[in-house]
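Here are my notes on this model, written as numbered points so that you can follow them with the structure open beside you.

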Amino acid sequence: MTRTVIRGGLVITAAEEVWADVLIEGERVVALAATGSALTQSWTADTVIDAAGQYVIPGGVDAHTHMEMPFGGTSASDTFETGTRAAAWGGTTTIVDFAVQSVGRSLREGLDAWHAKADGRCAIDYGFHMILADVTEDSLKEMDLLVEEGVTSFKLFMAYPGVFYSDDGKILRAMQRCADNGGLTMMHAENGIAIDVLVEQALAAGHTDPRYHGEVRKALLEAEATHRAIQLSRVAGSPLYVVHVSAEEAVAELAQARDKGLNVFGETCPQYLFLSTDELAEPDFEGAKYVCSTPLRPREHQAALWRGLRTNDLSVVSTDHCPFCFTGQKELGRGDFSRIPNGLPGVENRMDLLHQAVVDGHISRRRWIELACATPARMFGLYPRKGTIAPGADADIVIYDPHAEQVISADTHHMNVDYSAYEGERVTGKARTVLSRGTVVVDGERYLGRPGHGRYQSRTTCQYLI
Ligand SMILES: NC(=O)NCCC(=O)O
Ligand SMILES: [Zn+2]
Ligand SMILES: [Zn+2]
């Protein structure tokens, strides 16, 4: 079995920071010991990676991606091959993507379709959540089978009527099922019925520009849906994970629920922390690049998000990576903002943007790892195989240079999309060497990974419940 030693770095996990050497055998971490100790001196290895002056962190776990998802009359532009390669470049070594049930079809068909897209193509490890687009007696029964086979989380939509939307009755039934089978309900919490009225009224008034996307998808309608989702989950007795939280008022709903000791969790995304309605209002239809749902909010909301990340009212930062090219895809919505495909690229940028948050003093180094690696792994049943560096864990490890300076740009990124949402953003820190299950997949400017290295991850149920 190949032995690799990573020497001299600062190992950072959610629990501690320690100057330690890491011994890897094959695909797993087998030991950690203080740098320079007699024990580590005795370790022999086929490969020695010098991490002096660097951080040694667990590979990122991005629990919210949409590779090649059909949406808005087109398909997300990253395939599993290109998207997972870009993730690796950015220091993410596991994604959990959303398989989609089509209306009138079974969950099994949806899941099989996602395996067909992903299997044999991913550069890094991957798992699936299931989007419930059609809650029926049959699909409710199927949920139990999926949980048994390791698809343990289900996304429901209070938004997008006629596409993914479920009414409260369907949501309650799915939540009740999760209460029985241990699944975790993930909620897109926006009042889509009310939003559609406002969309119609905005278009009728000639308000067609991308910025109106932000105006009709009101913070109060995110907060209302978040509140309703929480009450429904209480009635059902099931845990709840609210995805892509962007509004201060929604964070307040989560905080109130969590103060009661409920198993209610929140996720936010870098776009809500670093971008705002200022970008959505860019002229010449450029704002379309920033159309996603929930929408970007006025900058004043960001303080509540950062606070939530510190207090754990928000527990996870995922990307909701759902890229659409500006040319030919976002352009579908010229003259009608409601036809702009919803979603932003970001799977490559998350670890760096969150490190910038460390540099800026918003969060600590350990909290960075907790939000981006450990908690998503726990939340979605991947821990401690993923999300930490410890004996027995998969050797998904990033040697991270905390002093590297970079400017984010579409000219240099690896995502298959023709713009960057963070174009020109200066960040300090960069993944230097990335290991996926013991294999070096990125080494400086060299990509050494391959499609098919990534392995499907069957997941246990949520390990984060109170
Ligand atoms: N978020 C977004 O705009 N697109 C992806 C689909 C979703 O997560 O709702
Ligand atoms: Zn969503
Ligand atoms: Zn999403």
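1. Strand β10 (residues 125-131) and strand β11 run parallel and are joined by 2 bridges. Two strands are said to pair here if DSSP finds at least two bridges between them, and the elements themselves are DSSP runs numbered from the N terminus, with helices being H or I runs of at least four residues and strands being E runs of at least two. Within this pairing, I131 stands opposite K155 in β11.

2. Before going further, please keep in mind that this is a predicted model, in which local features need pLDDT of at least 70 and side-chain atom pairs count only at pLDDT 80 or more, while totals for chains, interfaces and linings use all residues. Residues are numbered from 1 along each chain as its sequence is written, chains are lettered from A and ligands numbered from 1 in the order in which they are written, and side-chain values use heavy atoms, with hydrogens and water left out.

3. On its other pairing, β11 meets β12 in the parallel sense over 5 bridges. In this pairing F157 stands opposite H188 in β12, and the bridge partner of K155 in β12 is M186.

4. How many of the residues of β11 are buried? The strand is mostly covered, with 5 of its 5 residues buried, where buried means under 20% relative accessible area, exposed means over 50%, and partly exposed lies in between (1.4 Å probe, protein chains only). In a regular strand the side chains alternate between the two faces of the sheet. In β11, S153, K155 and F157 point one way, whereas F154 and L156 point the other way.

5. Which residues coordinate the zinc ion (ligand 2)? They are K155 through NZ, H188 through ND1 and H244 through NE2, at 2.1 to 2.2 Å; donors are N, O and S atoms within 2.8 Å of the metal (3.2 Å for Na, K and Ca), and water is not among the atoms, so sites may look incomplete. Along the chain, the donors of the zinc ion (ligand 2) follow the spacing K-x32-H-x55-H. K155 lies in strand β11 (residues 153-157) and H188 in strand β12 (residues 184-188), so the pair ties together parts that are 33 residues apart in sequence.

6. The axes of α4 and α5 come within 10 Å and cross at roughly 30°, where axes are lines fitted to C-alpha atoms, for helices over the stretch in contact, and angles run from 0 to 180 degrees between N-to-C directions. The two helices α4 and α5 are therefore roughly parallel to each other, given that angles under 35 degrees count as roughly parallel, over 145 as roughly antiparallel, 65 to 115 as roughly perpendicular and the rest as oblique.

7. Helix α4 also contains S139, which at 3% relative accessibility counts as buried. S139 and Q101 are 38 residues apart in sequence, and their C-alpha atoms are 9.2 Å apart in space.

8. Elsewhere, strand β1 (residues 3-12) has 8 of its 10 residues buried, so it is largely enclosed by the rest of the structure. β1 runs antiparallel to strand β2 (residues 17-25), with 8 bridges joining them, and the two form a hairpin with 4 residues between them. β1 also runs parallel to strand β4 (residues 47-50), joined by 4 bridges, with V5 opposite V48 in β4.
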